[in-house]
Amino acid sequence: MYSIQPSLLLGFHGTDKKVAYDIVNHITEMRPSTNSYDWLGYGMYFWEGNYERAKQYATEDSLRKESNIEEPYVVGAAIDLQNCFDLLNQKHIDFLKVAYDNLVDIFSEEHISIPENLPFSSSDFDFKRRELDCAVIREALRLAAEHGVYFDSVRAAFLEGNPLYEGAGFRMYNHIQLSIINPDCIKGFFLPREKDSDWANPYRSHIHHA
């Protein structure tokens, strides 16, 4: 009964500028990702409350030879997670281990090697090709559905990048990521605006000190 996240939160997705405008103007729909290495399984991916990381990702992606991003941009979304499989919730973490054990049994019975988490290249610091995690998440959501529990979203923390400083437990790109399964979780898209550095509170000069 404690799985429902209260109210709305903001999610940010790094993409191409034209794609962002087309999504906001309802010319095209945002498509869910279905790659076998998507670590939170099937869904539309967002950084929770992290505009800067979304923009940084879009810029990094645009530099890849096979990238579809010509002009890095960010689309924002107002999101209600609804019934969320939240991997910051101990109950769901425990259930994910059950799903893993079940998946091991399935692969063993079929004499198939279980997927692995691997880096995309030898220069990667992180295991970003999360085929094992993706398979376990999907198995967890399948098991839940078998028992009549359907999740609308998945939420988890990702410790990413090199240590922030020597001996640090923090990484350079730590973030919370969302995978939105049910499109009705997304109440609306928007184009994020830059902060107005020239704005001054008009009441500031009228403050009287006793």
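Start by selecting Phe12, Tyr51 and Phe190, whose rings are linked by ring pairs into a cluster. Keep in mind that what you have open is a predicted model.

Next, consider the aromatic pairs as a group. The count for this structure is seven. Two of these pairs make up the next stops.

Select Tyr21 and Tyr73. Now colour the chain by secondary structure and see where the partners sit: Tyr21 belongs to helix 1 (residues 17-24), while Tyr73 belongs to strand 3 (residues 72-79). The two are 52 residues apart, and the pair links distant parts of the chain. Tyr21 has 33% relative accessibility, so it counts as partly exposed. Tyr73, at 21%, is also partly exposed, because the buried class is kept for values under 20%.

Move on to Phe85 and Phe151. Here the ring centres lie 5.2 Å apart with the planes at 65 degrees, so this pair is edge-to-face; the class takes angles over 60 degrees. Phe85 is in strand 4 (residues 84-86), and Phe151 is in the loop between helix 4 (131-146) and strand 7 (153-158).

For the last stop, select Arg53 and Tyr173. Arg53 lies over the face of the Tyr173 ring, 4.7 Å from the ring centre.

Conventions:
Residues numbered from 1 in each chain as written. Predicted model: local features only at pLDDT ≥ 70, side-chain atom pairs only at ≥ 80, totals over all residues. Heavy atoms only, no water. Phe/Tyr/Trp six-rings, centres within 6.5 Å; stacked < 30°, edge-to-face > 60°. Helix = DSSP H or I, 4+ residues; strand = E, 2+ residues; numbered from the N terminus. Buried < 20%, exposed > 50% of the residue type's maximum accessible area, 1.4 Å probe, protein only. Lys NZ or Arg CZ within 6 Å of the ring centre and 35° of its normal.
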